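Here's a quick briefing to read alongside the model. Take a look at the structure first, then work through the points below.

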Amino acid sequence: MSTEKSTVEQLEESFRDRMPSVTKDGKRNWIYAWQPKGKWYTRRTVLSVLYVVLFFALPFIKINGNPALQINLVEGKFSIFGMIFWPQDFFIFGVGMVTMVIFIYLFTMIYGRVFCGWACPQTIFMEMIFRKIEYWIEGDANYQKALKKAPWTGDKIKKRVLKFLAFYSISFVIANTLLSYLIGVDQVFTILGDIAGNTGSFIGIMIFTTVFFFVYWWFREQVCLIVCPYGRMQGVLLDQNSVVVAYDYVRGEDRHKFKKNEVRTGGDCIDCNMCVKVCPTGIDIRNGTQLECVSCTACIDACDHMMESVGMEKGLIRYDSENGIKNKVKLAFTNRMKAYTAVLLVLIGIEATLLSTRSDYDATVLRAKGMLYQEQPNNQLSNLYTIKLVNKTRKDLPVELKVENFANSTLKLVGKEIVVKKEAVTEGEFFVYLDKAEVTQRKLELIIGVYSNGKRIRTVKTNFLGPFKFNKKN
Ligand code: SF4
Ligand code: SF4
């Protein structure tokens with residue numbers, strides 16, 4: 001028996017020593033990924049076209065006059081499907097975020113990193129926009145390698161300048177689109193239409209443009225390998241039943257080169273290395289599921305093509321689970337998945353209830369700080385209150401206030417009538433007067449009705465304070 005280690009054994013011992021994008025001496029190992037071709041790449045291309053169109057179009061779409069999606073961190077206002085969420089809606093937003101995180105956990109547990117390959121903006125932009133442009137300008141991986149080594153001829157300069165202009169222009173559009181999600185598309189056009197008057201904002205846009213350019217020109221797969229926290233969580237999320245892009249080592253090993261007209265023994269892997277050559281993160285999927293795999297399916301297409309060309313069955317690399325490959329077990333709904341599903345359903349229920357009962361108006365009433373009660377003529381007592389009103393609609397809101405639970409009470413606004421401007425917050429003050437005879441306790445519950453155009457829009461509870469002498473029972 002040979003004492004020489006097989007390729008598999010050597011790889012098993014060495015492949016985790018360092019990242020594929022780093023050389024032995026710690027330098028960047030540039031990954032020249034071959035352009036994939038095949039049914040999965042076509043599917044991803046079609047989906048990414050829809051995705052990219054949606055990404056660039058969404059800031060222009062309005063629902064009920066509100067942006068379809070806007071995350072205005074400066075003003076603390078969020079517009080989702082045209083519904084405006086305020087800091088007061090933080091609870092709804094918080095439950096929504098937790099629901100999304102649980103959903104991502106569950107989805108990852110079942111379908112692995114399908115999000116990374118099919119929906120992550122970084123992968124979509126890198127693989128479906130920037131890398132396609134690179135293939136178009138510089139050619140496939142071999143040509144790119146040759147161009148890198150080539151002297152600075154006119155052709156090389158032309159290609160590099162063209163690539164730079166294309167990458168920087170697209171980065172500029174991406175930066176502006178992302179900014180539109182924050183401050184609104186109208187505001188972005190205002191900045192671009194008057195750069196001299198918005199120098200600070202424009203410098204901000206150019207900084208973001210340069211960051212995006214740097215990411216897609218140079219940093220690339222390092223985002224997934226080093227920066228992305230989601231990639232780092234795979235170790236705890238995936239298990240033997242998670243469906244991932246996987247190499248069928250049961251069928252594939254022992255791998256050996258294909259020879260024409262041979263009587264083939266051993267495994268089906270012909271060790272052509274095509275799965276490695278197309279991998280944008282530079283890994284060899286035959287070493288098993290790895291942190292670096294972004295589930296892009298390029299190796300599935302490459303392997304299917306090779307299998308087809310040597311007359312073997314496709315699917316040596318495919319979507320499957322470790323259990324599926326080793327024990328031929330189909331996708332199982334484990335107890336862990338059931339538990340996450342139950343929590344997810346509960347959270348979806350809570351979120352749906354919060355959304356359906358959410359009001360377009362909010363009102364908070366507090367007794368004026370540092371004040372107890374005031375003695376008034378006609379045997380009355382008064383308390384002073386402040387009211388904070390939030391109008392989440394796009395119409396101004398005239399407001400009237402009434403005490404709902406004391407028939408003989410009087411409510412007097414301090415200052416003029418309250419009108420809450422559209423999408424705004426207003427504060428006001430008012431006195432409530434009660435007959436002393438009605439103030440039977442030191443602290444009474446007071447219910448304030450908030451009306452607009454004769455219709456009650458909110459009811460708020462607060463307290464009315466009286467003197468201690470009325471607190472005999474306590
Ligand atoms: S191993 Fe395959 S699916 Fe994973 S990143 Fe590489 S090419 Fe894509
Ligand atoms: S592409 Fe398929 S046959 Fe070729 S090395 Fe990879 S797994 Fe083996």
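Let's start in a loop: Arg220 sits between helix H9 (199-219) and helix H10 (222-227). This is a predicted model, and in it Arg220 takes a positive phi of about 45 degrees, even though it's not a glycine. For background, most residues other than glycine have a negative phi, and most peptide bonds are trans.

**Another backbone spot to check**
- The peptide bond joining Glu253 and Asp254 is cis, with omega at about -15 degrees.
- Asp254 belongs to the loop between helix H13 (249-252) and helix H14 (274-277).

**Helices H2 and H5**
- Helix H2 (residues 39-57) and helix H5 (residues 121-138) have axes that come within 10 Å and cross at roughly 105 degrees.
- An angle of 65 to 115 degrees counts as roughly perpendicular, so that's the label for H2 and H5.
- On the H2 side, the contact is made by Tyr41, Arg44, Thr45, Ser48, Tyr51, Val52 and Phe55.
- H5 brings in Pro121, Thr123, Ile124, Phe125, Glu127, Met128, Ile129 and Lys132.
- Sort the residues of this H2 with H5 contact by class and you get nine nonpolar, three polar and three charged.

**Ligand 1**
- Ligand 1 takes up the space of the largest cavity.
- There are 13 residues around ligand 1, and the ones that come nearest are Cys279, Cys293, Val294, Cys296 and Cys299.
- The shell around ligand 1 has ten nonpolar and three polar residues, with no charged ones.

**Ligand 2**
- The second largest cavity is the space taken by ligand 2.
- Cysteines around ligand 2 include Cys269, Cys272, Cys275 and Cys303.
- Also around ligand 2 are Tyr247, Ile270, Asp271, Asn273, Arg286, Met307 and Ile317.
- By class, the ligand 2 shell comes out as eight nonpolar, one polar and two charged residues.

**Tyr361 and its contacts**
- You'll find Tyr361 in strand S8 (residues 361-367).
- Tyr361 and Ile457 are 96 residues apart along the chain, yet their C-alpha atoms are separated by 7.3 Å.
- Leaving out residues up to four places away in sequence, Tyr361 touches Val390, Asn391, Thr393, Leu397, Ile457 and Arg458.

Notes: Residues are numbered from 1 along each chain as its sequence is written. Chains are lettered from A and ligands numbered from 1 in the order in which they are written. This is a predicted model: local features need pLDDT of at least 70, side-chain atom pairs count only at pLDDT 80 or more; totals for chains, interfaces and linings use all residues. Side-chain values use heavy atoms; hydrogens and water are left out. Axes are lines fitted to C-alpha atoms, for helices over the stretch in contact, and angles run from 0 to 180 degrees between N-to-C directions. Helices (H or I, at least four residues) and strands (E, at least two) are DSSP runs, numbered from the N terminus. Angles under 35 degrees count as roughly parallel, over 145 as roughly antiparallel, 65 to 115 as roughly perpendicular and the rest as oblique. Contact means heavy atoms within 4.5 Å. Ala, Val, Leu, Ile, Met, Phe, Trp, Tyr, Cys and Pro count as nonpolar, Asp, Glu, Lys and Arg as charged, and the others, Gly among them, as polar. A residue is near a molecule or strand if one of its heavy atoms lies within 4 Å of it. On a 1 Å grid over the protein atoms alone, a cavity is a set of points where a 1.4 Å probe fits but cannot get out, and a pocket is an open set with protein on both sides within 12 Å along at least five of seven lines; lining residues have an atom within 4 Å of a point. A molecule sits in a cavity or pocket if more than half of its atoms lie within 2 Å of its grid points.
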